[in-house]
Amino acid sequence: MAMTFSFYPQANTLQNVTARTKAARERSLASSKSDVVGNRVVMEEYLYLNLPEQDKSLAVQIDTALLFVTAGFETTAFTIEQAVFHLHDQPTLLSKLHEELVIAIPDSHLIPPWSELEKLPYLSAIIQESLRMSLGAMSRLPRTNTKHDLHYKSWTIPKNTYVGMSAQFTNYNADIFPDPYTFVPERWLQSVDESKRLGRYMVSFSKGSRKCIGIHLAYAELYITLATIFRRFRFELYETTRRDVDPKIDYFAPKPEHGSLGVRLPVR
Ligand code: HEM
């Protein structure tokens, strides 16, 4: 065993994000925009954004950084964990993906752009199934209509009432996704129409006007990361079971049960 990768998110504590944001802010205050050669990290750029003054306070900047971490990183990382775990748990699926990637990417050092990768049917099915299993957000996402009552079947929901539902109830609904706790990429490959139909019920990014604003970045990250790691590396799971990937705890983003060290893989 040369080295062990852990996909378990380490950077999500309030303390860590607060410290990094303060450091980035100090670096930013110590320089001016014109001093910079090359790229700044987002939090160094923050004070130069066209924002109202009250939104430039340290407290708002830390909240923004936390939103980035929880909304942008943990969701994507947990989706990648689903793919990595389930493909190793069912090696025939991994072989199928590998075959597709070897043909599409003859030189493993030249990973094609996302626009090419998204044409790969098996990789796409794996990404959809990993998103379904990962849930996106585990919490009930509250919505309210401030203008009108809502009508649903025989119920009237008065305006200003908060209504929310966890993605579990649709993503793991056996009437829509048979055998919902099993990782089955093939369910997304039956036909274009069926895949579109299932997509209507896969709510990992939520739906409607407040759905994930980072959806395209998330897909780009998923395609490029999964194509790259599965084309370039061979892994095997190290002391990892379903308890390390099944959503159990609702920290807004889902987490596996307490004590889990996440998905661990020695790199060969
Ligand atoms: C697999 C990856 C991702 C999943 C499953 C996911 C899921 C979600 C969900 C379910 C929501 C709706 C939350 C709500 O209704 O309150 C949301 C919102 C949001 N997401 Fe993502 N997300 C992902 C990646 C990203 C990325 C990469 C970014 C950007 C860096 C991002 C930024 C945001 C933001 C800013 C919102 C709030 C949008 C608003 O309130 O209008 N997300 N995401």
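**Helix H6 and its surroundings**

Modeller: The buried residues of H6 pack against H3, helix H4 (91-104), helix H5 (114-117), helix H7 (168-171), H9 and strand S5 (253-255). Helices (H or I, at least four residues) and strands (E, at least two) are DSSP runs, numbered from the N terminus. This is a predicted model, in which local features need pLDDT of at least 70 and side-chain atom pairs count only at pLDDT 80 or more, while totals for chains, interfaces and linings use all residues. Residues are numbered from 1 along each chain as its sequence is written.

Biologist: How many residues of H6 are buried?
Modeller: Twelve of the 14. A residue is buried if 20 or more other C-beta atoms, placed from the backbone, lie within 10 Å of its own, exposed if 12 or fewer, and partly exposed in between. Among the buried ones are Leu 123, Ile 127, Glu 129 and Arg 132.

Biologist: What span should H6 have, at 1.5 Å a residue?
Modeller: Its 14 residues should span 20 Å, and the end C-alpha atoms are 20 Å apart, which agrees. The expected span is 1.5 Å times one less than the number of residues.

Biologist: What follows H6?
Modeller: Leu 135, with a positive phi near 75°.

Biologist: At what angle do H3 and H6 pack?
Modeller: About 115°, with the axes 8 Å apart. Axes are lines fitted to C-alpha atoms, for helices over the stretch in contact, and angles run from 0 to 180 degrees between N-to-C directions.

Biologist: Which residues meet there?
Modeller: From H3, Phe 78, Thr 79, Gln 82 and Ala 83; from H6, Ile 126, Ser 130, Leu 131, Met 133 and Ser 134. Contact means C-beta atoms, placed from the backbone, within 7 Å.

Biologist: Switching to Tyr 223, where does it lie?
Modeller: In helix H9. Tyr 223 counts as buried because it has 22 C-beta neighbours inside 10 Å. Leaving out residues up to four places away in sequence, Tyr 223 touches Trp 114, Leu 117, Glu 118, Leu 123 and Ile 127.

Biologist: And the ligand, how many residues surround it?
Modeller: There are 18, and the closest are Gly 72, Thr 75, Gly 136, Cys 212 and Gly 214.

Notes:
Near = placed C-beta within 6 Å. Contact = placed C-beta atoms within 7 Å.
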